[in-house]
Amino acid sequence: MESQLAQIEQSFNARYSLRVREALDELHHNFTITDPAFPGHPIVFASSGFLKMSGFLREEVVGNNGRIFQGPKTNRKTVMEIREAIREERAVRVHILNYRKDGTPFWMLFQMSPVFSKEDGSGVHFIGVQVPLRNDGADAAWNEIVFRPCRREVCSDSLVELTRFLALETGTNCKGVEIEESCEASELEKHRAATAINNILSVLARCSESTGRMVCGKRCSLPAAGLINSSLNISLGRIKQSFVLIDPHLPNMPVVYASDAFLKLTGYDRHEVLGRDWHFLNGVDTDSSILHQIHESILVEQPCTVCILNYRKDKSTFWNRLYMSPVRNATGKVVLSRPPFVLISDS
């Protein structure tokens with residue numbers, strides 16, 4: 001988990017200026033930012049407003065995904081609607097019942113919007129804005145009225161447990177609102193969510209200029225052929241093996257996906273690998289005859305297995321048992337070449 005957290009922070013820092021977190025925290029909105037390139041689509045940033053609303057600490061949220069806010073009464077159809085929007089890399093707005101850290105449920109308007117790379121049109125992040133519904137701030141007032149007389153008699157932990165018990169036992173969110181009954185957002189609340197999305201996108205766009213890896217809220221260019229979409233990214237992220245995907249239909253056959261295990265093996269960051277000619281692991285002592293064998297296998301669209309000397313980012317060498325196999329569609333046409341890299345031994 002610590003390794004993935006470090007990779008998440010590295011990836012975020014590589015795309016935006018160092019001031020991005022400070023600039024985002026200056027916005028008075030409840031929101032999270034997620035990264036579909038990592039397994040499980042984790043949260044990479046959570047605003048101070050969101051943390052205050054949910055009761056979680058930042059370190060409890062970053063690296064986890066939205067499932068930690070769901071509970072027994074969260075509508076699974078709504079969750080699937082959000083997942084479908086992620087798969088299609090499009091915006092979505094829904095009403096959803098979520099749970100705070102102390103277990104109390106609350107209705108909110110959830111508006112999600114993708115963030116695209118200006119360079120290649122790929123989806124790099126998703127912004128999720130949360131607007132509490134039905135004047136959720138009344139929770140505090142309700143608790144104050146009910147519990148103030150006994151505050152000196154019981155500890156705060158007991159109050160939390162009692163609040164949670166009442167919410168679950170009565171089927172309400174402590175304001176008399178049935179949690180099975182969906183809440184409708186007002187036009188003002190919808191406007192707040194849309195404004196928040198625009199403000200967050202503005203900060204991300206501004207902070208991406210200094211790194212040269214600019215982002216935008218709309219797909220600024222068509223995704224390159226063979227580009228891996230968010231849904232496939234998430235599925236591939238569950239595979240623990242060390243591998244990359246290359247696209248033989250693009251010039252120089254660039255890498256379009258790299259697994260976490262591959263990055264750990266080679267020492268590269270993801271942004272240093274994607275879009276790069278797959279020869280980058282080769283060096284002065286790499287056997288050219290083996291490279292020729294690999295090229296011939298790609299040309300005839302056949303799998304091959306070789307043992308090749310490769311180089312890590314720090315220039316150290318390792319012997320690599322390379323299995324390469326084409327990926328075909330339903331008609332048998334090659335769509336991608338998939339070579340998993342497996343470390344056999346250090347030289």
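How many disulfides does the structure hold? The structure holds zero disulfides, a disulfide being a pair of cysteine sulfur atoms within 2.5 Å. Such a link is a covalent bond between the sulfur atoms of two cysteines.

The model is predicted; local features need pLDDT of at least 70, side-chain atom pairs count only at pLDDT 80 or more, and totals for chains, interfaces and linings use all residues. Residues are numbered from 1 along each chain as its sequence is written, and side-chain values use heavy atoms, with hydrogens and water left out.

Buried means under 20% relative accessible area, exposed over 50%, and partly exposed in between (1.4 Å probe, protein chains only). Cys207 counts as buried because its relative accessibility is 6%. Cys307, at 29%, counts as partly exposed.

Helices (H or I, at least four residues) and strands (E, at least two) are DSSP runs, numbered from the N terminus. Strand S4 spans residues 105–117. In S4, 13 of the 13 residues are buried, so the strand is largely enclosed by the rest of the structure. Pro105, Trp107, Leu109, Gln111, Ser113, Val115 and Ser117 point one way. Phe106, Met108, Phe110, Met112, Pro114 and Phe116 point the other way. In a regular strand the side chains alternate between the two faces of the sheet.

Strand pairing requires at least two DSSP bridges between two strands. S4 pairs with S3 (residues 92–99) in the antiparallel sense over eight bridges. Ile96 has Met108 of S4 as its bridge partner. Five residues separate S3 and S4 in a hairpin, and Gly103 in the turn has a positive phi of about 95 degrees. Nine bridges join S4 to S5 (residues 123–132), again antiparallel. Here Leu109 has Val131 of S5 as its bridge partner. This pair also forms a hairpin with five residues between the strands, and Gly121 in the turn has a positive phi of about 80 degrees. S4 is also joined to S6 (residues 215–216) by two antiparallel bridges. Phe116 stands opposite Cys216 in S6.

Helix H5 (residues 76–88) has 13 residues. Its span from first C-alpha to last is 18 Å, close to the 18 Å expected at 1.5 Å a residue; the expected span is 1.5 Å times one less than the number of residues. The buried residues of H5 are Thr78, Val79, Ile82, Ala85 and Ile86. They cover an arc of only 120 degrees around the axis, which puts them on the same side of H5. The arc is that of the directions from the helix axis to the C-beta atoms. After H5 comes Glu89, with a positive phi near 50 degrees.
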